Amino acid sequence: MSDPAQDRAHMAHALRLAARGLGNVWPNPAVGCVLVRDGMVVGRGWTQPGGRPHAEVRALAQAGPLARGATAFVTLEPCAHHGKTPPCAEALIAAGVARVVTALTDPDPRVSGKGHAMLRAAGIEVTEGVLSDQAARLNAGFLKRVTRGLPFLTLKLAATLDGRIATASGESRWITGPEARRKVHALRLAHDAVMVGSGTAVADDPDLTVRDLGAAHQPVRVVLDRMLRHAPDSRLGRSARTHPVWLLHGPSAPEPARQAWLAMGAELIEGTETGGRLDLPAALGALAARGLTRVLSEGGGTLAAALVGAGLVDDLALFSGAALIGADGHPALGSLGLGRLAEAPRPTLVETERLGPDLFALWRMPAAR
């Protein structure tokens, strides 16, 4: 007989494993699997870089013959379709597991209940919905991409206590200390892509890589650059062949600039324009169509305000530096065009963390209407 408390504990274990795949398994979901037999964990697995092999396959390989009669705790419904690998539901059946516990039904129309049905048809007991809220949060990027055609977007802002990101002269290094900057790199590591606007790219010449965290995978580096103003002979351009660079530009971007970026190894994505600006929902949709599920925006105040105003921000990662600049500094957020306080977005505080002299706060933005 199943024990709900033990089910939750083992699913929490599987969710911790799944989190290891965030940022490096797109376009696949980050899935964890734990195999338990007679109260002992006999196999563990999580989705590997690039999305293959799947978590269930890894856990079954580790368990070997001990998988027979075991319970599999899987954070997402096992796949039921033939893709680059056979269905994981079939692998669980062949291994002889007695019970499968899942957190979420996979919304991918190729699965969407078919994995659960396949398991039940084989005589395997299936329990659904264990820690479903936590699992949905973990795979919010995959779920949003499949159901809405958009990536999950985290907006990162690093500002002084009075909400400024630079002095009047544009100086911004460093508003926050080394502990906060290390946290930024950890955020990059957990996202598929890091995105900035052309203004930030031109002013700061960033490289947007993950540093100081060992042998880490690198996110795709995305620049929203309508006219391809950012120079190909930049830090992004010079490293485009080793770490991917995608430039989203408008239809009127100059051909010489396009060819120069292509010669550096960058990928160009032509977007649409609205009112002389890139259409942001369409731009993010183009990123999702290429498989991205989680995007971290590190652009300046103008891009930040445009994303917030368009209702495209899911999480706000706010780093508050222990400094004051004053009204002549550059604001963290550009104009939202609000006429009344009632129109202001009201995010919900999720967590806070002290980082040396600075403070990190994660806020969840209201759901888009």
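Me: What makes E298 and R188 a salt bridge?

Reply: Bear in mind that this is a predicted model. The closest N and O atoms of E298 and R188 are 2.8 Å apart, and a salt bridge needs them within 4 Å, so the pair qualifies. E298 sits in the loop between β14 (294-297) and α12 (301-309) while R188 belongs to helix α7 (residues 178-189), so the bridge ties together parts that are 110 residues apart in sequence.

Me: How do you know whether E267 and R290 form a salt bridge?

Reply: Here the closest N and O atoms are 3.3 Å apart, and the limit is 4 Å, so E267 and R290 make a salt bridge. E267 is in strand β11 (residues 267-270) and R290 in the loop between α11 (280-289) and β14, so parts 23 residues apart in sequence are tied together.

Me: And why are E267 and R290 called partly exposed?

Reply: Buried stops at 20% and exposed begins over 50%, with partly exposed in between. E267 has 32% relative accessibility, so E267 falls in that middle band, and R290, at 37%, does as well.

Me: What makes the contact of R37 and D38 a salt bridge?

Reply: The N to O distance is 3.9 Å, which is within 4 Å, so the R37 and D38 side chains count. D38 has a relative accessible area of 74%, so D38 is exposed, whereas R37, with 29%, is partly exposed. By this rule the count comes to 18 salt bridges, and D7, R99 and E125 are linked in a network of them.

Me: What makes phi of L228 worth a look?

Reply: Phi of L228 is near 55°, a positive value in a residue other than glycine. L228 is found in the loop between β9 and α9 (235-238), and its 5% relative accessibility is under 20%, so L228 is buried.

Me: Why is the W26 to P27 peptide bond called out?

Reply: That bond is cis, with omega about 5°. Most peptide bonds are trans. P27 has its place in the loop between α1 (4-18) and β1 (32-37).

Methods: Residues numbered from 1 in each chain as written. Predicted model: local features only at pLDDT ≥ 70, side-chain atom pairs only at ≥ 80, totals over all residues. Heavy atoms only, no water. Helix = DSSP H or I, 4+ residues; strand = E, 2+ residues; numbered from the N terminus. Buried < 20%, exposed > 50% of the residue type's maximum accessible area, 1.4 Å probe, protein only.
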